[in-house]
Amino acid sequence: MLRAKYINKVTEVNKIYLENIINEGDVVVDATMGNGYDTIYLAKKVGQSGKVYAFDVQEEALKSTSKKVTKEELENVELILDGHQNMDKYVQEEVSCIVFNLGYLPRAKHQIITKSDTTLEAIKKGLELLKPNGVMSIAIYSGHEGGMEEKNAVYEFTQTLDQNYFNVLCTKFINQINNPPELLLIEKKG
């Protein structure tokens, strides 16, 4: 069983929440592939009978993730060089989980960042793809140029989601400086 070991990173906290949401055989989406850590985590959680669709706009992210997928001998992952706002063109089935890490690719060009307009489009399309009781996880990194604008846009949108259909939870570190990352979870009610 894959479990979070610490609560020092928002990605580790996210695993605590997702542990009982993702099951073997599920279809899931890594909306922001990056260096592939979430892709690998998701692929192991859903097992060989499940499927992971992973998106990124950077060839560098695809190459990095592809190496990890090959090393782990995972055959249940589809890596897609396209923006997450286009996920509905590739994903036809209902999904149990969609994971976003907003911001930029670590150890890469910080000029290439997720942006409010495409992120909001992706969130809206992702909510349509979620099955009942499915969860969308959004890790928001806002300490870079454009990051606060995207964070505010995501919060403004998610605060308007009808509570009859969605639960929205915010988790954040309150004793860290320099715009620590925050985690939003959106559950589509069953």
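**Note on the salt bridges**

1. D26 is buried, with a relative accessibility of 9%. Keep in mind that this is a predicted model.

2. D26 has a charged partner. Its side chain meets that of K131 in a salt bridge, at 3.6 Å from N to O. D26 sits in the loop between α1 (10–18) and β1 (27–30), and K131 in strand β5 (residues 130–140), so the bridge ties together parts that are 105 residues apart in sequence. K131 is partly exposed, at 29% relative accessible area.

3. Where does the search look, and how many salt bridges does it find? It covers the whole structure and finds eight. Two further pairs follow.

4. K125 and D88 form a salt bridge. Their closest N and O atoms are 3.3 Å apart. K125 belongs to helix α4 (residues 116–129), while D88 is in the loop between β3 (77–81) and β4 (95–102). The pair links distant parts of the chain, 37 residues apart. K125 is partly exposed, with a relative accessible area of 22%. D88 is partly exposed too, at 34%.

5. D88 and K125 also belong to a network. Salt bridges link D88, E121 and K125.

6. E182 pairs with K151 in a salt bridge, with the closest N and O atoms 2.8 Å apart. E182 is in strand β7 (residues 182–188) and K151 in helix α5 (residues 147–158). This pair also links distant parts of the chain, 31 residues apart. Are E182 and K151 buried or exposed? Both are buried.

Note on methods: Residues numbered from 1 in each chain as written. Predicted model: local features only at pLDDT ≥ 70, side-chain atom pairs only at ≥ 80, totals over all residues. Heavy atoms only, no water. Salt bridge = Lys/Arg side-chain N within 4 Å of Asp/Glu carboxyl O. Helix = DSSP H or I, 4+ residues; strand = E, 2+ residues; numbered from the N terminus. Buried < 20%, exposed > 50% of the residue type's maximum accessible area, 1.4 Å probe, protein only.
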